[in-house]
Amino acid sequence: MTLDMKAGVSGEQIRPDRLAEALERLKETVGPSGWSTHPGLLEPHVVDWTGVMRGSSPLLLKPARTEEVATIVSICREYGLKIVPQGGNTSLVGGAVPSGKGVEILVNLARMNKVRAVDTINDTMTVDAGCLLASIQAEAEKNERLFPLRLASEGNCQIGGNLASNAGGSNVLRYGNTRDLVLGLEVVLADGRIWNGMRGLRKDNMGYDLKQLFIGSEGTLGIITGAVLKLFARPASVATAVCAVPSVKAALDLLALCKQRTGGQVTAFELMPGTGLELVLKHFPACRLPLERLCEWQVLIEFSSSDETASQQERMTAVLAEAYEAGLVSDAVVSASLSQSRSFWALREGLAEADMMEGPTIQGDIAVPISSIPDFLEICSAAISEAVKGARIIAFGHLGDGNIHFGIIQPDDVLPEDFLARSDEIHGIINHSALRFGGTVSAEHGLGTLKAGAVLKYRGEVEQDLMLAIKHSLDPSGMMNPGKVLEAGRRQLQE
Ligand code: FAD
């Protein structure tokens, strides 16, 4: 057998009259309020969040029901059209934007935004895939529960996008990735059928766990239309602290101490470089530094517990006092109120945006074993400084789970286009540094277009064969999100 991965967008041309007929049928499927061809309305859907990756599409569809999504897929299949599924379009790797060929149909799920059910005994919430993450968090809160996925983009991203990219975020340390927060899925397959896997079961060994195939598949295997999410006890007590640490190694020792002293109540442990916080303070004047001065490294720590009798503030203060004595912390402030905690988080969450406001930025999203982070940072920073003279390095992220966003801002004396032209080379340096420590070149953002070659470059032959076989069996014509995740046509699987 030969599997020819026609996952690219070059495919066979569709005759103009056939295309016009297909577009009419697609428009009819979603009704007048469910489609657009207006360039102004399409604009935010064809450019990615970083503004770097831009494509085009003849039609934006916003279906309102799962059955409409199924009909869209069937029509596209019949006419040989490709589909790009889209949520909030906050992907940082160009996963949700079409190619520049103008031949892919955009299917955005924003109108599928209903919470279908909340079950506080089963601790589950059943949702449409187009629900905003922030709305799901609010609905959980309303029901005195917690949905713990937490991202700086939560006001814009959709749960379908979170699922499709297996988003991570700040609470992975305690609750895991999106993959760990899901019990069931509903997916429209590439053949137009609807798979109803909307089960709210915590134990289910009846065959393969199919939902896990679609989680993290970045729209290349099917369109997620619904999900059954896990809910958790809402914390009764939360404490947030910002601390200056003498080194990244000291930060890791502090993390170990926090874990030891709290028995699993560390919810977040985030690394913030002084260089990055300087930019946050510059570009977001409402942000305030709670510490006396900026050091080379800071961490944001959060403890939380649903035990009403234990004050997390007291626990945090005690742990930090011990850390201070041990030389792991040089300065620290524990939040005294919810609003102060929010202001601490604003510093952390402003880092990615502040980098981009400063100038064109190239950012790696890598993970290495937590214990290797200090060595990774040293080696990668040295290699980048050697290769890109005057580069401003802003490395920050989810220290508690080993995920670092390694950002490089364009040097002042280099033109933006010259800097961005070196993107592949710079990503290569970051990637090789991560792989040297047994890491991954994509921790939480996915591969999208930006890293579509990574699997075929860095994964072994057996893993490549498995992935190509899955793609081929679920999407044999390569119609789902072409050119993403598995680079098109680079390799054929022989049997
Ligand atoms: P989109 O960007 O629209 O799509 C992402 C991918 O999923 C694309 O490949 C798309 O084709 C596919 N897709 C979307 N919806 C569906 C669907 N219903 N069915 C099938 N495929 C679909 N990510 C993290 O993991 N952790 C972070 O901490 C984090 N922080 C961020 C901070 C900022 C400021 C920004 C802008 C982004 C951040 N991200 C982070 C990246 C991004 O927000 C997340 O990956 C998010 O999960 C994407 O959701 P979305 O709805 O915007 O998806």
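**Ligand site, cavity and aromatic pairs**

An oxygen atom of the ligand is placed 2.6 Å from an N or O atom in the side chain of Thr90. The model that shows this is predicted. Taken alone, the ligand exposes 960 Å², and the protein buries 96% of that area. The points below cover the ligand, the cavity search and the aromatic rings.

**Contacts to the ligand**

- Thr90, whose side chain has an N or O atom 2.6 Å from a ligand oxygen, is also one of the residues that come nearest to the ligand.

**The shell around the ligand**

- At least two shell residues come from each of β4 (82-86), α5 (159-164) and β11 (222-230).
- Helix α5 gives the largest share, with four residues.
- By residue class, the shell holds 20 polar, twelve nonpolar and two charged residues.

**The cavity**

- Searching the whole structure for cavities of 30 Å³ or more turns up one.
- The space in the largest cavity is about 30 Å³.
- Its lining consists of Pro148, Leu149, Arg150, Gly168, Asn171, Val172, Tyr175, Gly176 and Leu181.
- Five of these lining residues are nonpolar, three are polar and one is charged.

**Aromatic pairs**

- With ring centres required to lie within 6.5 Å, the count comes to three aromatic pairs.
- One of them joins Phe376 and Phe406: the ring centres are 5.9 Å apart and the planes stand at 75°, so the pair is edge-to-face, given that planes over 60 degrees apart count as such.
- Phe376 belongs to helix α13 (residues 373-387) and Phe406 to strand β19 (residues 403-409), so this pair ties together parts that are 30 residues apart in sequence.

Notes: Residues numbered from 1 in each chain as written. Predicted model: local features only at pLDDT ≥ 70, side-chain atom pairs only at ≥ 80, totals over all residues. Heavy atoms only, no water. Near = heavy atom within 4 Å. Polar contact = N/O pair within 3.5 Å; in protein donor to acceptor, adjacent residues only side chain to side chain. Areas by Shrake-Rupley, 256 points an atom, 1.4 Å probe, with all protein chains shown as cover. Nonpolar A, V, L, I, M, F, W, Y, C, P; charged D, E, K, R; others polar. 1 Å grid on protein atoms, 1.4 Å probe; cavity = no way out; pocket = protein on both sides within 12 Å on 5 of 7 lines; lining within 4 Å. Points joined across faces, edges and corners; volume = space filled by probe spheres on them. Phe/Tyr/Trp six-rings, centres within 6.5 Å; stacked < 30°, edge-to-face > 60°.
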